[in-house]
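Subject: Structure for you to look at

Hi,

Here is the structure I promised to send over. Please open it alongside this note, and I will walk you through what turned up.

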Amino acid sequence: MFPRDFAWGAGTAAYQIEGGWQADSKGPSIWDTFCHEKGKVFGDQNGDVACNSYELWEKDLECIQKLGLTHYRFSLSWSRLLPEGTTRHVNQKGVQYYNKVIDDLLACNVSPMVTLYHFDLPQALQDQGGWKSPSTASLFDSYAKFCFQMFGDRVKLWITINEPYVCAKLGHEDGIHAPGLKEPGTTAYLVGHNMLRAHAMAWQSYDSLYRSKQGGQVSLAINSDWVEPFSTDCNEDIAATERYLAFSLGWFAWPVFVTGDYPEIMRSAIDAQSRKLGHKDSSRLPSFSKDEPSVLGTADFFALNYYTSRKVKPGGGCGRMMCMKSDRDAAEVLDPSWPICGVSWLAVVPYGLRKLLKYIKDTFNNPTVYITENGFSQLGPVEIEDVQRAEFYKDTILKVAEAIQEDGVRVRGYFAWSLLDNFEWADGFSVRFGLFHVDFADEMRSRTVYRSGQEYAKMILKHKLGK
C-alpha cells in the first residue's frame, strides 16, 4: 500500500509540550507574554509547564517507541537556544537538550523532522518589531544557520516555518494568537511576506553552505483546507472557491512552487478592494525585491498540514473596513453531512485530503509530499477508548493510500497531530489531539495511550511487515 521507506510519524511543537518556560536561562517567547495576559487563552491557561517535556523527554521517547514511529516531528524553541533571538548569546543548556532529543531518537531508529519556527518568536525580537520588521527575516536566517550547524549532521528533514498563514492571520489580523495584534487588511500580508523572505533566505543558506556535507532537505509547512463550490454549477461560487484557495494555500505555495510571486487572483482581489474603499496607494500585498534571492524553488518537498474541508460561496466580509475576509470575498459553509469532532471548525472529511493531494500534484508540478499534520480533536470528558478518532485515522490513511496508488501523488510520509495531548494555543488544554492522553492534574504529567494510538501503532506495524 505504501512505499517501503514511507515516514510514519507524529508531531509536537516546543511551546505546546516543553514547559520549562524559564528553566536554564531560556528567554521568553511571544507565547509566554501572550498567555500571561488575562483573557487571552481559555481559562487563562498557559504553557509554563504544559507536558513538561523539557524534564520528561524520556517519557515522550517511550510513547514514540510504543507507537513504532519511524519519524518524529518536533520544533526547536528559538528563545531556548538564543534567549535574545540572536547568536550573541547562546544558551548551551538548550543546545544540550535538543542534542539529547536528536541522539536518543536516532539511537531508537527514529528519524527527526525538525521545525525551526512553530509560532514562538523570541519576545526580544517582537520588541524590535517582530515579523512586521523586514530585519526579522535575516535574524531568522542567522538562527537557521546556527541550527543547521549544531544539529544538521544528524537532522535530514527540516521545516523552516510552520503555518505562516496562521501566524500572519491569527496573530496579526484577528489577534487571537500571539502577539495578539489586530491590524486588519495590512499587517498579515506584511508578516506573511517577511516569513516567506525568511524561509527563502534559510533555504538558500542551507543549499549553499550545508547541503553538500549534510545531505538534508528543507521546506516550509503550509496549512490548507480542501474547498469546493457551495453550488458546483454556480460561477460565482466557483470563483469564490478559487479565491479561497489563492488566499490560503496559494499565498505561500504559489511563490515557492510556481512563479516566485503571489497568485495574480490574490493581488487583483486585494487591489480591487482597496480601490473600492478609496485607497489608491501602493498595493497592500508587498512585492518581492529583485535584490534578494528568489523565493521560487526554495522547497525540497511539499509539507502539508490538513485538518478539514469547506464549501465556499461569495461573502464573509467586514463592511467598509479593510480586512482579509473582504479581500477574499469567500464565505465558508459546513456541509451538514460532515461530522464535527470536538472543536466547531473541525469537520471530519478524509476524502478532502485525497482531493487536496491530487490538487497539489496537478498545480505544483507533482512534488514529493509529506503530510506534516493531520488530526482529530476531543473535547469534554476524556475518552481513552476514542473509537471515533481511531476510525478517523483508519479512514484518512486509506485515503492517503488511494492518493498514492490511484492518483499517483508522491506522498512520502504521514505525521499524526499530535503525539501528546498538549497546550492547544488559544484553546489551552480544553482541546485534546493526542495519541497519548496527558493528565495535566498529575504533577508527573502521566501519559496513557488512547485506543487511537494503539490502532495507529497496529497500522504502522502492518506496513513494516509488508502486509
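A disulfide here is a pair of cysteine sulfur atoms within 2.5 Å. Please keep in mind that this is a predicted model.

Let me begin with the cysteines. The sulfur of Cys51 has its closest cysteine sulfur in Cys63, 9.5 Å away, which is too far for a bond. Cys51 is also buried, at 0% relative accessibility. For Cys35, the closest cysteine sulfur is that of Cys51, and at 14 Å this is again too far for a bond. Cys35 counts as buried too, with 4% relative accessibility.

So which two cysteines do form a disulfide? They are Cys318 and Cys323, whose sulfur atoms lie 1.6 Å apart. By the cut-off above, the count comes to one disulfide. The torsion about the S-S bond of Cys318 and Cys323 is about 90 degrees, so this disulfide is right-handed. As for accessibility, Cys318 is partly exposed at 27%, whereas Cys323 is buried at 4% relative accessible area.

Next, the helix packing. Two packed helices are described by the angle between their axes and the distance between the axes. Helix H10 (residues 235-257) packs against helix H13 (residues 350-363) at an angle of about 50 degrees, and their axes are 13 Å apart. That angle makes H10 oblique to H13. The crossing of H10 with H13 is right-handed. On the H10 side, the residues that meet H13 are Leu245, Leu249 and Trp254, and their partners in H13 are Leu356, Tyr359, Ile360 and Thr363. By class, this contact of H10 with H13 has six nonpolar residues, one polar residue and no charged ones.

H13 also packs against helix H14 (residues 387-405), with an angle of about 25 degrees and axes 8 Å apart. H13 and H14 are therefore roughly parallel to each other. H13 passes H14 in a right-handed crossing. From H13, the contact uses Pro350, Tyr351, Leu353, Arg354 and Leu357, which meet Asp395, Thr396, Lys399, Val400, Glu402 and Ala403 in H14. Here the contact of H13 with H14 divides into six nonpolar, one polar and four charged residues.

Helix H8 (residues 164-172) is worth a look as well. Nine of its nine residues are buried, so H8 is largely enclosed by the rest of the structure. Among the buried residues of H8 are Cys167, Lys169 and His172. What covers them includes strand S3 (111-117), strand S4 (157-162), helix H9 (187-214), strand S5 (217-223), H10 and helix H12 (324-328).

Finally, some backbone details for you to check in the loops:

- The peptide bond from Ala178 to Pro179 is cis, with omega near 5 degrees, and Pro179 sits in the loop between H8 and H9.
- The peptide bond from Trp417 to Ser418 is cis as well, with omega near 15 degrees. Ser418 lies in the loop between strand S11 (410-417) and strand S12 (436-438).
- Ser25 is not a glycine, yet its phi is positive, at about 70 degrees. You will find Ser25 in the loop between helix H1 (14-17) and helix H2 (30-35).
- Phe119 has a positive phi near 85 degrees, and it too is a residue other than glycine. Phe119 is in the loop between S3 and helix H6 (123-126), and it counts as buried at 5% relative accessibility.

Definitions and conventions
Residues are numbered from 1 along each chain as its sequence is written. This is a predicted model: local features need pLDDT of at least 70, side-chain atom pairs count only at pLDDT 80 or more; totals for chains, interfaces and linings use all residues. Side-chain values use heavy atoms; hydrogens and water are left out. Buried means under 20% relative accessible area, exposed over 50%, partly exposed in between (1.4 Å probe, protein chains only). Axes are lines fitted to C-alpha atoms, for helices over the stretch in contact, and angles run from 0 to 180 degrees between N-to-C directions. Helices (H or I, at least four residues) and strands (E, at least two) are DSSP runs, numbered from the N terminus. Angles under 35 degrees count as roughly parallel, over 145 as roughly antiparallel, 65 to 115 as roughly perpendicular and the rest as oblique. A crossing is left-handed if the near helix is turned anticlockwise from the far one by less than a right angle, and right-handed if clockwise. Contact means heavy atoms within 4.5 Å. Ala, Val, Leu, Ile, Met, Phe, Trp, Tyr, Cys and Pro count as nonpolar, Asp, Glu, Lys and Arg as charged, and the others, Gly among them, as polar.
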